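This report examines the architecture of a model with the sequence and coordinates at hand.

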Amino acid sequence: MSERHLRGIPASPGFVVGPVHVLRWEVPEVPQRVIADEEVEGEIQRFHAVLGKARGRLQAIRERAERQAGEEEAKIFDMQILLLQDAELIARVESLVRQNLSAETAFEVTMLEWRHHFTRHTSPMMRERVGDITDLQIRVLSLLLELPDHDPLDVPKGANAVLVTHDLTPSLTVQIDREAIGAIATDAGTRVSHVAILARSLGIPAVVGLKEATRRLHPGEMVILDGSAGTILEQPTLDEMREARERSSRAERFTQELLALKEEEPVTTDGVEITLRANVDIPEEADLAAASGAEGVGLMRTEFLVISRATMPDEDEQYRAYARVVQSFHGAPVVIRTYDIGGDKLPVGGHPHEANPFLGWRAIRMCLDEPQLFIVQLGALLRAAAHGDLRIMLPLVTSVDEVRAARALMNEAAADLARRGVPHRADVPLGVMVETPASALACDTFIGEAQFFSIGTNDLTQYTLAVDRGNVELADRFTPLHPAVLRLIARTVEVGAKNGIDVTVCGEMASQPVMALALLGLGVRCLSVAPRSVQLMKRLVRGISARKAADAAQGALGARTAYAAEEILRACLLDAFPRGAEIFDGLPT
Amino acid sequence: MVTAAERTVRIMNVNGLHARPAAEVVKVASRFKSDITMVRDDLEVNAKSIMGVMMLAAEFGAELIVRASGPDAEEAVAAIAALIANKFGEKK
């Protein structure tokens with residue numbers, strides 16, 4: 001790493017060579033200014049004119065957001081539009097102007113007073129509003145001070161710019177013009193923050209958590225952003241730019257080659273049909289997933305509905321989110337996982353911090369303890385199920401009791417919908433996510449209660465090996481090819497096959513060729529991967545024989561170490577793909 | 001004729017007085033001529049101000065006093081109390 005490198009967190013893969021566009025979405029400095037008595041009326045009129053202008057701007061942005069992202073996203077702006085019309089706010093500013101303060105000073109003072117009240121509150125409902133106040137402060141003060149408009153709308157089309165900003169608030173994110181912005185870089189953020197998920201789903205390369213990008217990078221300077229490595233290179237040499245562009249076009253060619261497979265069926269060389277499904281993080285990803293050629297969704301997460309929000313989503317909002325995905329797949333199966341989060345992530349109620357959250361009060365445990373919250377989600381799912389083949393998956397199940405309790409709540413939700421006369425489907429398949437050694441070893445106890453199994457390899461590996469998957473010190477100990485993990489998967493597949501229960505694998509493991517080969521060899525016939533990995537998996541499936549994969553998997557099962565298992569599998573893969581590179585290159589990171 | 005009216009209400013919707021319900025309160029309050037305030041503990045705010053209503057941070061179960069004084073005070077208090085009792089038309 002040279003001094004020209006800025007290192008952040010890789011959030012969305014891809015290379016972009018382009019000019020920096022710094023978006024300073026921060027409250028401007030207000031010079032203190034007093035006015036003469038005879039200027040007061042004019043200053044008040046100027047303030048009202050600016051409020052009108054800000055409202056017009058916000059309404060235009062709201063309409064644009066509604067067209068591009070939908071009604072829910074557009075609602076982000078409603079609060080700000082209301083605040084602009086607030087009688088108290090206007091009265092307070094007017095009274096300060098009458099005491100000879102300039103409009104911008106009066107507005108600044110008033111906003112500081114409000115902000116003080118809001119930040120004192122501990123409730124997340126109030127803290128979320130602080131973001132609205134900041135947005136409004138920036139908009140109105142910029143207009144009062146006649147500063148240039150910083151909205152990201154103003155980058156020229158075709159610029160392929162790297163948008164550099166402190167943090168992308170949802171209200172900024174929905175304004176991004178994809179024809180102008182090639183990549184995103186932010187000071188704040190993590191891999192799972194809203195901006196990272198959105199960038200991935202829109203296919204925009206992004207690096208987050210850069211800490212000082214807005215301070216170090218200058219508007220207009222050329223940089224290379226590497227979304228896979230999580231770096232930005234300043235003052236790139238001509239050679240470096242050429243190399244980055246080559247890598248970028250190689251990746252593009254690879255994508256095109258894979259796209260050519262779109263109409264082909266995922267069948268092994270010896271005729272075994274495999275089902276490939278896509279994982280979906282947010283509803284906006286549904287179209288991308290459908291376009292990838294996936295036969296349905298193997299895992300739709302629902303955490304986006306509750307994380308970083310002040311309030312729980314109601315039944316209607318959830319129904320719209322689920323129905324949107326179900327409708328994108330025209331009758332193909334869409335498996336939706338109920339909330340897989342800890343109680344501390346919920347917008348409602350103050351739940352205590354846990355010493356050991358991964359072994360704690362989370363997922364199905366939390367949902368069953370908070371039935372009034374879970375039943376709203378189940379009701380919304382049953383309603384969306386009327387539009388296609390929706391299936392419900394329960395996370396972190398360790399005992400069949402939990403499946404029974406969930407089914408009882410599901411029946412209650414169905415009865416409630418029937419009473420209200422709301423269209424829905426009552427007999428939605430209920431499945432178990434096999435992601436603990438308990439559920440894998442005792443998977444036979446779910447027979448007759450669960451209609452399908454879905455193996456979550458990430459958590460299964462973490463819980464089996466007692467290795468925290470987020471701990472970088474342990475990264476090389478975290479391997480699904482450990483004999484213990486492979487045996488748990490083999491057992492689940494075997495019990496499923498014997499009892500006519502479908503077994504899918506929807507973890508990270510499914511999208512890495514060596515791991516995917518192991519899964520196919522162990523008898524898994526349905527894989528669910530990130531949308532951009534669907535074509536790569538199709539190439540893998542079409543290039544290997546199920547019989548040879550089974551032999552390799554048997555070898556791996558008998559190996560004494562993960563390393564030995566990987567050697568056996570890799571040899572089988574290289575045998576099927578002598579060029580090697582074509583299956584290993586361009587791997588999603 | 002100026003009259004005064006007052007009523008104690010309890011927030012019954014799960015999400016509390018968040019952005020949308022607060023906006024509903026302001027919309028209803030603004031239809032009346034009377035001065036209308038809402039009180040929680042020792043905080044009294046203008047019910048016609050979205051900032052004011054939000055500042056109450058009234059969660060599920062919170063108890064508030066709706067207070068009005070003016071020509072239509074009685075009707076104003078009744079309308080806001082009804083809105084809150086109906087959970088702002090939300091489900092659940």
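## Basis of the description

The model is predicted, and local features need pLDDT of at least 70, side-chain atom pairs count only at pLDDT 80 or more, and totals for chains, interfaces and linings use all residues. Residues are numbered from 1 along each chain as its sequence is written, while chains are lettered from A and ligands numbered from 1 in the order in which they are written.

## Helix H15 of chain A

The buried residues of H15(A) are A:Glu402, A:Val403, A:Ala406, A:Met410, A:Ala413, A:Ala414 and A:Leu417. Here a residue is buried if 20 or more other C-beta atoms lie within 10 Å of its own, exposed if 12 or fewer, and partly exposed in between, with C-beta atoms placed from the backbone. They cover an arc of only 115 degrees around the axis, which puts them on the same side of H15(A); the arc is that of the directions from the helix axis to the C-beta atoms. An α-helix has 3.6 residues a turn, so residues three or four places apart point the same way.

The face turned away from the buried side of H15(A) carries the exposed residues A:Asp401, A:Arg404, A:Ala408, A:Ala415 and A:Arg419. The buried residues of H15(A) pack against helix H13 (363-369), helix H14 (371-384), strand S12 (390-394) and strand S13 (430-434) of chain A. Contact requires that the C-beta atoms of two residues, placed from the backbone, lie within 7 Å.

## Helix H3 of chain B

Helix H3 of chain B (residues 73-85) has 13 residues and reaches 18 Å from its first C-alpha to its last, close to the 18 Å expected at 1.5 Å a residue. In H3(B), the buried residues are B:Ala73, B:Ala76, B:Val77, B:Ile80 and B:Ile84. They cover an arc of only 95 degrees around the axis, which places them on the same side of H3(B).

B:Ala82 and B:Ala85 are exposed on the other side of H3(B). The packing partners of the buried residues are strand S1 (3-10), helix H1 (19-29), strand S2 (35-40) and strand S4 (63-70) of chain B. H3(B) is followed by B:Lys87, whose phi is positive, near 55 degrees.

## An open sheet in chain A

Eight strands of chain A form an open sheet with mixed pairing, in the order S1-S8-S7-S3-S4-S5-S6-S2. Two strands pair if DSSP finds at least two bridges between them. The edge strands are S1 (5-7) and S2 (9-12) of chain A, each of which pairs on one side only. Neighbouring strands of this sheet are turned by 30 degrees against each other on average, direction ignored.

S2(A) pairs with strand S6 (residues 206-208) of chain A in the antiparallel sense over three bridges, and A:Ile9 stands opposite A:Val208 in S6(A). Helix H10 (residues 238-259) of chain A lies across strand S3 (15-23), strand S7 (222-226) and strand S8 (231-234) of chain A, running at about 110 degrees to S3(A). Axes are lines fitted to C-alpha atoms, for helices over the stretch in contact, and angles run from 0 to 180 degrees between N-to-C directions.

The largest nonpolar core has 105 residues, of which A:Tyr322, A:Leu381, A:Leu517, A:Ala518, A:Leu519 and A:Leu527 touch the most other members. Such a core is a set of buried Ala, Val, Leu, Ile, Met, Phe, Trp, Tyr and Cys residues joined through C-beta atoms within 7 Å. A second, separate core of 54 residues includes A:Phe47, A:Val140, B:Val66 and B:Val77.

A:Leu89 lies in helix H4 (residues 87-98) of chain A and counts as buried, with 22 C-beta neighbours inside 10 Å. Not counting residues up to four places away in sequence, A:Leu89 touches A:Leu83, A:Thr110 and B:Met51.

## Chain totals

Chain A comes to 23 helices and 16 strands, and buried residues make up 45% of its 589 residues. Chain B comes to three helices and four strands, running β-α-β-β-α-β-α from the N terminus on.

Technical notes
Helix = DSSP H or I, 4+ residues; strand = E, 2+ residues; numbered from the N terminus. Expected span 1.5 Å × (residues − 1).
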